[in-house]
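Please read the following report alongside the sequence and the coordinates. The structure is shown first, and the description comes after it.

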Amino acid sequence: MLGRKARRAARHVIDMSRGRQLVSGDQIEEFWALRDVAFDVRRGEVVGVIGRNGAGKSTLLKILSRITEPTTGRAVIRGRVASLLEVGTGFHPELTGRENIFLNGAILGLSRAEIRGRFDEIVDFAEIERFLDTPVKRYSSGMYVRLAFAVAAHLNPEILIIDEVLAVGDVAFQKKCLGKMQDVADEGRTVLFVSHNLPSVVALTSRAILLVEGRLNAEGLSRDIVGQFLKMTHQPATAGGDPAAYRRPHRNEGHADIAGVRVCGAPFGAGTAAFGEDIVIEVDLDLKRRVEEGIVNINVFNEQLEAITTLASGDSGFAFTGGPGRRTVRCNAGPLPLIPGEYRLTVGAAQKGGGLAWDVLETMPGFRIDGHENAAWMNWPRRPGLVLFDQCRWSES
């Protein structure tokens with residue numbers, strides 16, 4: 001009997017290796033997380049890696065960090081690499097924060113004296129001094145990320161690899177991390193940055209790589225690649241859509257939800273305006289509880305997610321107060337002198353005075369500015385710039 005079980009198990013192993021059915025209707029499918037991906041990153045470059053979930057971004061970074069060996073091909077890296085791929089990468093849960101700083105430094109090849117020289121700077125950046133001698137297994141995910149990023153960024157690796165893990169931190173810490181990454185880039189070190197925060201990719205990186213289903217789909221200037229990715233992933237700006245598809249996952253729930261957005265009287269993405277017309281944006285809010293001094297902020301981006309302007313209700317001294325129920329906040333932005341084209345919006349509702357936003361819809365299709373009747377504009381429709389002034393007074397003397 002034991003012999004039969006052993007033979008059956010052996011046959012199953014052989015069948016699995018050859019892709020044969022194990023039971024009726026069962027199949028083994030070969031899946032490549034990455035295939036035919038080839039690119040170069042020069043010293044001092046800051047490169048973004050973007051793509052949908054499951055596109056192979058994290059697998060790529062694990063190969064570059066020597067965590068995973070590629071099935072075929074190779075990755076050639078010249079320089080010391082520091083990686084922050086997921087919460088707790090490189091940390092031993094039983095060791096304290098202090099001990100893990102020295103452990104990570106040793107893994108990166110630094111001497112104890114070198115680590116000690118940067119120790120205070122790491123602790124100050126991470127803001128965890130009170131818990132420095134506590135085992136990191138008792139840290140929250142946010143504290144974990146604070147310390148892990150501080151270690152990775154301050155031990156001066158030649159190559160810094162950062163995954164979407166920064167999304168775990170609060171907004172203030174994310175800004176702090178992005179500022180530090182910019183400093184690292186300015187020092188001439190190489191940064192590989194994976195993020196779904198596309199405005200940050202455009203602002204921080206000079207070049208981007210787009211992965212689609214495990215293959216390299218495009219690479220080039222970050223603003224161009226991000227624009228291409230948005231066209232692939234989002235509905236056209238004339239189609240509208242479901243607000244939930246653009247909702248930011250990290251928010252202060254239970255206060256107010258953004259139930260809808262209209263631009264120039266049409267659902268978001270379907271609004272159009274002629275050049276020089278007023279842009280009116282209406283935000284429908286579903287208040288879950290009584291709200292005191294709520295504010296609405298609207299960021300306007302072009303097709304490449306370059307920030308155009310921010311329309312903040314607080315700047316005009318406007319705030320809304322009320323109990324549970326539906327209400328609409330309206331912003332008449334006036335005639336924005338925008339170049340004809342499609343524009344995207346990030347809309348957020350929050351408590352006046354700061355803190356985590358109640359709800360945020362990010363980089364949703366916003367509205368379209370129709371063509372300009374000026375003859376010079378028609379002769380040069382792709383002129384550089386973000387705004388168009390047609391009331392300039394020209395003269396000669």
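Predicted model: local features only at pLDDT ≥ 70, side-chain atom pairs only at ≥ 80, totals over all residues.

## The six-stranded sheet

An open sheet is formed by 6 strands, which follow the order β2-β3-β4-β1-β5-β6 and pair in a mixed manner. Its edges are taken by β2, residues 81-84, and β6, residues 215-221, each of which pairs on one side only. With direction ignored, neighbouring strands of this sheet are turned against each other by 15 degrees on average.

## The four-stranded sheet

Another open sheet consists of 4 strands in the order β8-β7-β10-β14, and here the pairing is antiparallel. The edge strands are β8, residues 266-267, and β14, residues 325-332, and each of them pairs on one side only.

Strand β7, which spans residues 256-263, pairs with β8 in the antiparallel sense over 2 bridges. One of the residue pairs involved is V263 with A266, the latter being the bridge partner in β8.

## Strand β11 and its partners

Strand β11, residues 291-301, is joined by 8 bridges to strand β15, residues 341-351, and the two run antiparallel. The strand β12, residues 307-312, also runs antiparallel to β11, to which 5 bridges join it.

## Helix packing around α4

Two packed helices are described by the angle between their axes and the distance between the axes. How do α3 and α4 pack? Helix α3, residues 97-107, packs against α4 at an angle of about 130 degrees, and the two axes lie 10 Å apart. This angle makes α3 oblique to α4, and the crossing in which α3 passes α4 is right-handed.

Helix α4, residues 112-126, also meets helix α5, residues 141-154, where the axes come within 8 Å and cross at roughly 140 degrees. Because angles over 145 degrees are needed to count as roughly antiparallel, α4 and α5 are described as oblique to each other. The crossing of α4 and α5 is right-handed.

## The second largest pocket

Rolling a probe the size of a water molecule over the atoms shows where empty space is left. In this model the second largest pocket holds about 1100 Å³ of space. It is lined by 37 residues, of which F39, L64, R74, A75 and V76 are the closest to its centre.

Which elements give two or more residues to the lining of this pocket? They are α2, residues 57-64, together with β3, residues 159-162, and β4, residues 190-194. Of the elements, α2 gives the most to the lining, with 4 residues. Considered by class, the lining comprises 19 nonpolar, 8 polar and 10 charged residues. Strands β3 and β4, which contribute to the pocket lining, are also members of the six-stranded sheet described above.

Terms used:
Residues numbered from 1 in each chain as written. Heavy atoms only, no water. Pairing = 2+ DSSP bridges. 1 Å grid on protein atoms, 1.4 Å probe; cavity = no way out; pocket = protein on both sides within 12 Å on 5 of 7 lines; lining within 4 Å. Points joined across faces, edges and corners; volume = space filled by probe spheres on them. Nonpolar A, V, L, I, M, F, W, Y, C, P; charged D, E, K, R; others polar. Axes fitted to C-alpha atoms, helices over the stretch in contact; angles between N-to-C directions. Parallel < 35°, antiparallel > 145°, perpendicular 65-115°, else oblique. Left-handed = near helix turned anticlockwise from the far one by under 90°.
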